[in-house]
Amino acid sequence: MIRLVINETKKTGKVEPEIYGHFSEHLGRCIYEGLYVGEDSDIPNVNGMRSDVVEALKEIEVPVLRWPGGCFADEYHWKDGIGEKTERKKMINTHWGGVTEDNSFGTHEYMELCRQLGCKTYVNGNVGSGTVQEMSEWVEYMTFEGVSPMANLRKENGSEKAWKVDFFGVGNENWGCGGNMTPEYYGNLYRRYQTYVRQYDEKKPICKVACGPNVDDYHWTEQVLKTCFDHAPEHLHGFMDMISLHYYDLPDGWEPKVSATEFDEEMYYKTLHQAWRMEELITRHSAIIDQYDPEKKIGLAVDEWGTWFAVEPGTNPGFLYQQNTMRDALVAGITLNIFNKHCDRVKMACIAQMVNVLQSVILTEGEKMLRTPTYHVFHMFRYHQGGELVESSLSTEEKIGEGACEVPCITESVTQKDGILTVTLNNLSLCETKTLQLQFAEEGYEVTEAGILAGADVHDFNTFEEPDKVVEKKYEDYEKTDGNRFVLTLPAASVVMIRFHKIS
């Protein structure tokens, strides 16, 4: 029997809500048709935002939404997306599908979406093809309350009051689609561009995010930080608040041929192995950041992560539309548990992407909408947001899969908030039910609530004809054995959430 030992008397850090963030890019049907249908649409909407999608997203308590990209961010010129919609410039989305972008969803629409979701804002600026002036004026347009050319322009466009920009990304993937830069060159550009991301309201500071590495490019992390910290300001707060990391689960490489729904046992374990690699990436990049920031003031923002499979047959390859099975749910469970366990350094993360693209939490088709298995994982894990990480460990390091496909059998994390302990568990075994003994340091706990996500088959997914094939259900397969021990039965390929309160 596997034992999970929980020392609830020892807290090791705070799990920032933003770890459960999301990403929305002008890519495929994420923005248009997914989040935004326009005020004149027959699909129910509020100021153009799909009501069904917004309400579903509110249920998972989205903490932050990143926009407008992604690769799109470094070819996006924000002035094209303001003013009368009929007069906005049209452009070709050269990164994603070669379709026409009419810019009907711009800064004002994004801020309205975040208002409806009740989430923080994360705007990604254009370093690749934009100027310092353009970035500086965008920040002024969004955040300055006084009298200035950009503030006046915002008011003319219908927003009298300035908005709060919580996070601002200074470029995106500048090692690749954002300009094919060297880390030293980007580091110097970051120093320059961030200078003009002005803090117009000290009570509403903007958190600045530097472009970090792709996957295991440790050289990029080292050189960007080295360049940025050379003759750096004495007081680094506000100079660099976070550095990003992008990592996609690509079990068969950057030109995926493996289907999101049709995979064998080897590909199942290979996909989970790729997800587990996040542990190594965070550990090694964090060790480099520690050399420059031992006090851990600079957060790691994993602001693009998720699975990447072959697109669904018959869809535009540039739209990256894929289905979502229990395999995706397990990837989400693995990854979110890792983020929780590294909350001392990971301060934000954004799954890619929110709707209709890659590992989406929601899919839409016309007026139809469904919640994917990944959505239900976010719903189960939402209790971790803002909680204190509790010390926990497994008594065994049992591995399953072989070689390049090897993964831990069980992954877990535990947090406490408002006196309630939330435990999330993944049984990654494809075929075997596992029994786990959960042991607290103190006695007197009872179960508050519990949920489980598990399909009849790991290939199961939700469709518009059968939207509730894979849904969270009540979990009851546990028993209390004595004052501080519980025994849990975890079905194969399942995600379990169980919460405890103390009665004595």
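Q: How many residues are there between β24 and β25 in their hairpin?
A: Two residues separate β24 and β25 in the hairpin. Strands here are DSSP runs of E with at least two residues, helices are runs of H or I with at least four, and both are numbered from the N terminus.

Q: What kind of model is this?
A: This is a predicted model, where local features need pLDDT of at least 70, side-chain atom pairs count only at pLDDT 80 or more, and totals for chains, interfaces and linings use all residues. Residues are numbered from 1 along each chain as its sequence is written, and side-chain values use heavy atoms, leaving out hydrogens and water.

Q: Which residue of β25 is the bridge partner of K480?
A: F486.

Q: New topic: which strands make up the closed barrel?
A: The barrel has eight strands, in the order β2-β5-β8-β9-β10-β11-β12-β13, with parallel pairing. From one strand to the next, the twist averages 25°. Angles run from 0 to 180 degrees between N-to-C directions, using axes fitted to C-alpha atoms, for helices over the stretch in contact.

Q: What does helix α2 touch?
A: Helix α2 (residues 107-117) packs on the sheet and touches β5 and β8, at about 155° to the direction of β8. Contact means heavy atoms within 4.5 Å.

Q: And which strands does α8 lie across?
A: α8 (residues 326-341) lies across β11, β12 and β13, running at about 170° to β12.

Q: Which residues of α1 are buried?
A: V53, V54, A56 and L57 are buried in α1, which spans residues 51-59. Buried means under 20% relative accessible area, exposed over 50% and partly exposed in between, with a 1.4 Å probe and protein chains only.

Q: Why do the buried residues of α1 line one face of the helix?
A: Because, seen down the axis of α1, they fall within an arc of 165°. That arc is taken from the directions from the helix axis to the C-beta atoms.

Q: What do they pack against?
A: The buried residues of α1 pack against β4, α2, β14, β15 and α9.

Q: Is N427 buried or exposed?
A: N427 is buried, with a relative accessible area of 0%. N427 lies in strand β20 (residues 420-427).

Q: What does the side chain of N427 reach?
A: The side chain of N427 reaches the backbone oxygen of P491 at 3.0 Å.

Note on methods:
Pairing = 2+ DSSP bridges. Polar contact = N/O pair within 3.5 Å; in protein donor to acceptor, adjacent residues only side chain to side chain.
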